[in-house]
Amino acid sequence: MSVILETKNLRKYFKTPHGYLHAVEDVSLQINRGETMGIVGESGCGKSTLGRTILHLLEPTGGEIWFDGENITGVRGKQLKELRRHMQIIFQDPFSSLNPRMTVGEIIGEPLKIYRVTKSKEEYHRRITELMDLVGLAQRNINSYPHEFDGGRRQRIGIARALCLNPSFIVCDEPVSALDVSIQAQILNLLQELQEELGLTLMFITHDLSVVRHISQHICVMYLGQLVEKAPAKELFVKNYHPYTRALLSAIPIPSIHVERERVPIKGELSSPINPKPGCRFASRCPYAKDVCREATPELREISPEHFTACHFALEL
């Protein structure tokens, strides 16, 4: 299976009065065409920054981004505009990401005008109604405004807009975190149906491991800007090596009163992501940390086929 997107030691730093905040640090990953890569971790770990940096909504500080066999790290101007026909994003908040002064039809059809895809008003209108049908929006709502809808239907508008130019890669930035549980299931099922029908490749960003298990083929676990574990989804839930991954998995609720799961609490203080010192960033909260963990940064190494972990003692825990 061919690789559609790859990052090599990707970095994104933000300048602060106290130094540089290392939001994304040396992230290397590959996403196969037609698959879903789940990116999980607690709030503030750099998941959304990673997705936005890949799309050039934020410019990378260092490293490389490869898309469809081409190095797109330094693209600008017309090249970047053309690239965005193939790479899109679904935002987390289905309300603030939509212009309240535009109708549903205008929001979905805006990319068609920007890229001058349609040649007539009839073709323009037909494409909008096709997209509305595709994501499950009634055509009678074409002249309605975002505030007239609930969160689930607003997110469907955002999905339709992302699909407007027939992209091959979409970053889903926590697209269901602001929705009710029942609506979350509908949106997840819709994304899976669209992926199968259109051959989409997805990067699915979330803090909910139970959600990412449902939709992803591979999962990357992030902590304070770094990848600490990446593996096929099925394997990660059976065998995991990093203490942080185990703590996240132990927090997944089980809908049964007859099953007990040992909770793995995370204690201690977060390390500062501003000018971080060498060493494992999870060391201050890890119950297994030793002196070497605080002195040397662990490399992401292959523990078993396609299963990588950044922990000095991964095989001993």
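**Salt bridges along the chain**

The structure holds 10 salt bridges, a salt bridge being a side-chain nitrogen of Lys or Arg within 4 Å of a carboxyl oxygen of Asp or Glu. The model is predicted, so that local features need pLDDT of at least 70 and side-chain atom pairs count only at pLDDT 80 or more, whereas totals for chains, interfaces and linings use all residues. Residues are numbered from 1 along each chain as its sequence is written, and side-chain values use heavy atoms, with hydrogens and water left out.

One of these salt bridges joins Asp-173 to Arg-52, with 3.5 Å between the closest N and O atoms. Because Asp-173 belongs to strand E7 (residues 169-173) and Arg-52 to helix H1 (residues 47-54), the pair ties together parts that are 121 residues apart in sequence; helices (H or I, at least four residues) and strands (E, at least two) are DSSP runs, numbered from the N terminus. Asp-173 is buried at 2% relative accessibility, while Arg-52, at 29%, is partly exposed; buried means under 20% relative accessible area, exposed over 50%, and partly exposed in between (1.4 Å probe, protein chains only).

A salt bridge also connects Glu-59 and Arg-76, whose closest N and O atoms are 3.3 Å apart. This pair links distant parts of the chain, 17 residues apart, with Glu-59 in the loop between H1 and strand E4 (62-67) and Arg-76 in the loop between strand E5 (70-71) and helix H2 (77-83). Glu-59 is partly exposed at 29% relative accessibility, and Arg-76 is partly exposed at 47%.
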